[in-house]
Amino acid sequence: MSVDIRGEYIERAALVVMHYQVDVFEILFGEKPSPLLDRCNALIRRWRATGRPVLFPNFSLGADYEHAPPGTNRQITPYLPSGRFRTGLPVAGLAIEPGDLVYTCPRASVFHGTSLDADLRTRGVSTLVMAGISTTGVVLSSVAWACDADYDLRLVQDCCFDPDQEAHDALFRSSFGGRVLVL
């Protein structure tokens, strides 16, 4: 992972770690430890040296699924019968510290239905260094939104994952359609 934490962009940057949460890790990895968590924690530790914000948006539809989408949402609706995603609890061992910003997101994009954009702009953030699970879900949705909102986007490939390896690779090969700088 080659993240330059001394670059001139740092003074206006934030690290956004998306959907590193219990339900996602249980679905994708079961009880097995994932080296993905270790790589992300290493990134977080290096980032903290910058003094810049660290944000942890996680997906949740609410305790009673009060934020569940209509049946036309093909991405989220299939998860409803599982009983998952009622909370956005971070995965055990994730390097969250007091003062980090934690968000509960009702859709794949971390910007939909949250104050994340306003909070970033209040802090003078115009560059996002992003990592997330899954590449075809939260990462794709959030990158598209953030690009349209004129953020400078950098995506840490070693800290992103998708169970569809072919789609994951294709998105990174294209740098998400030219929207991001891949690190």
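Predicted model: local features only at pLDDT ≥ 70, side-chain atom pairs only at ≥ 80, totals over all residues.
1. Take F25 and F29 next. Their ring centres are 5.2 Å apart and the planes meet at 55°, so this pair is tilted; planes over 60 degrees apart would have counted as edge-to-face. Both residues belong to helix α1 (residues 22-29), where a spacing of 4 residues puts them about one turn of the helix apart.

2. How accessible are these two side chains? F25 has 7% relative accessibility and therefore counts as buried. F29, at 16%, counts as buried too, because the cut-off for that label is under 20%.

3. F29 also pairs with F161. Here the ring centres lie 5.2 Å apart with the planes at 50°, so this pair is tilted as well.

4. Do look at F161 from the solvent side: its relative accessible area is 24%, so F161 is partly exposed.

5. Finally, two arginines deserve a glance. The charged end of R86 is placed over the ring of Y65, at 4.1 Å from the ring centre. R154 does likewise with Y9, its charged end sitting over that ring at 3.9 Å from the centre.

Terms used. Residues numbered from 1 in each chain as written. Heavy atoms only, no water. Phe/Tyr/Trp six-rings, centres within 6.5 Å; stacked < 30°, edge-to-face > 60°. Helix = DSSP H or I, 4+ residues; strand = E, 2+ residues; numbered from the N terminus. Buried < 20%, exposed > 50% of the residue type's maximum accessible area, 1.4 Å probe, protein only. Lys NZ or Arg CZ within 6 Å of the ring centre and 35° of its normal.
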